[in-house]
Amino acid sequence: MNDKDTPIASLLKNLTGKKKALESAEFPLPKNKRVITVSNQKGGVGKTTSVVNIAVALAKRGAKVLVIDLDPQGNASTALGIPHQSGVKGIYDVLISEVPLNEAIYQSAEAEQLWCSPATIDLAGAEIELVDLKNRELLLKHALLNSETEFDYVFIDCPPSLGLLTVNALVAGSEVMIPIQCEYYALEGLSQLVKTIALVKANLNPTLELSTILLTMFDNRTNLSAQVVEEVREHFPEQTLDSVIPRSVRISEAPSFGQSVINYDPSSAGSIAYQEAALEIAKKGA
């Protein structure tokens with residue numbers, strides 16, 4: 001076998017071609033602000049990782065992006081280098097204490113055009129506190145409408161549940177993005193999320209649409225991954241992105257260095273896949 005024909009050589013050639021295509025690609029800005037709720041009640045699907053890397057990719061290509069960390073675990077805040085210890089103003093204060101959103105957002109070192117409203121430890125009890133509040137499902141929507149700072153994209157990272165925080169995110173959003181891992185039981189629970197989206201659309205947010213499905217943790221060594229991709233695309237042909245995020249050591253390593261994979265290893269397969277996904281999302285809304 002010629003060295004040029006080895007699998008590694010082919011992979012490197014493919015990645016080099018994709019990288020060059022991305023360098024020359026134009027990432028169109030949306031005419032109006034896009035509020036994208038990223039949700040999946042199944043944990044471990046790459047939800048927060050996808051929010052962070054797509055947000056960074058878009059911000060580095062000229063979009064003004066806000067990430068709202070609505071997950072009490074605060075992983076998106078950590079990944080973007082945003083302080084979220086007790087006492088820091090975050091999305092909890094926006095929802096519960098009516099603090100203006102622009103007073104609870106911080107610029108991320110990951111990209112000049114990227115901001116984040118962090119999840120502090122107080123958010124863990126917000127589900128209980130929200131129950132007794134008037135118009136409890138509309139609080140995040142009102143905060144975004146009253147914001148003094150304009151953004152091209154707002155990504156809302158939801159907790160892995162379908163509670164009041166997620167309902168707030170669905171009411172505030174105009175689009176839903178669902179990350180689905182290419183593993184067994186990938187579609188389990190998805191029907192419940194789709195039903196919840198339909199209920200919110202019918203009763204609280206008539207403009208809400210399931211716009212994007214992102215396949216994550218793809219392993220090209222297994223038939224199972226290919227079968228999941230085929231099944232998801234069969235059920236959601238228009239919503240499923242062509243870009244598939246591979247299972248990648250680089251993607252897993254990046255958070256431990258306090259970075260997105262976009263900045264940690266720009267030429268890696270994971271970084272290129274997320275940039276391609278970001279480009280598709282940008283073109284969808286152009």
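## Nonpolar surface patch

In this predicted model, Tyr-184, Tyr-185 and Leu-224 make a nonpolar surface patch of about 340 Å². Tyr-184 belongs to the loop that runs between strand S6 (175–181) and helix H8 (190–203). Its relative accessibility is 56%, and Tyr-184 therefore counts as exposed, the cut-off for that class being over 50%.

## Strand S6

S6 pairs with two strands described here. With strand S1 (residues 34–38) the pairing is parallel and runs over three bridges; Val-176 of S6 is the bridge partner of Thr-37. With strand S7 (residues 209–218) the pairing is also parallel, over seven bridges. There, Met-177 stands opposite Thr-212 of S7.

## Aromatic pairs

The structure holds four aromatic pairs. One of them joins Trp-115 and Phe-151: the ring centres are 5.9 Å apart and the planes stand at 65 degrees, so the pair is edge-to-face, a class that requires planes over 60 degrees apart. This pair links distant parts of the chain, as Trp-115 is in strand S4 (residues 114–117) and Phe-151 is in the loop between helix H6 (139–145) and strand S5 (153–157), 36 residues apart. Trp-115 has a relative accessible area of 18% and is buried. Phe-151, at 5%, counts as buried too, since the limit for this class is under 20%.

Another pair is formed by Tyr-153 and Phe-155. Their ring centres lie 6.0 Å apart with the planes at 15 degrees, so this pair is stacked; stacking is assigned to planes under 30 degrees apart. Both Tyr-153 and Phe-155 are buried.

## Lys-64 over two rings

Which residue lies over the face of Trp-115? Lys-64 does, at 5.3 Å from the ring centre. The charged end of Lys-64 also sits over the ring of Phe-151, 5.5 Å from its centre. Lys-64 is thus placed over both rings of the edge-to-face pair.

Methods: Residues are numbered from 1 along each chain as its sequence is written. This is a predicted model: local features need pLDDT of at least 70, side-chain atom pairs count only at pLDDT 80 or more; totals for chains, interfaces and linings use all residues. Side-chain values use heavy atoms; hydrogens and water are left out. Patches are made of residues with over 30% relative accessible area and no salt bridge: like charges are joined within 9 Å, nonpolar side chains (Val, Leu, Ile, Met, Phe, Trp, Tyr) within 5 Å. Accessible areas come from the Shrake-Rupley method with a 1.4 Å probe; for residues, only the protein chains shown count as cover. A salt bridge is a side-chain nitrogen of Lys or Arg within 4 Å of a carboxyl oxygen of Asp or Glu. Helices (H or I, at least four residues) and strands (E, at least two) are DSSP runs, numbered from the N terminus. Buried means under 20% relative accessible area, exposed over 50%, partly exposed in between (1.4 Å probe, protein chains only). Rings of Phe, Tyr and Trp (its six-membered ring) pair if their centres lie within 6.5 Å; planes under 30 degrees apart count as stacked, over 60 as edge-to-face and the rest as tilted. A charge sits over a ring if NZ of Lys or CZ of Arg is within 6 Å of the ring centre and within 35 degrees of the ring normal. Two strands pair if DSSP finds at least two bridges between them.
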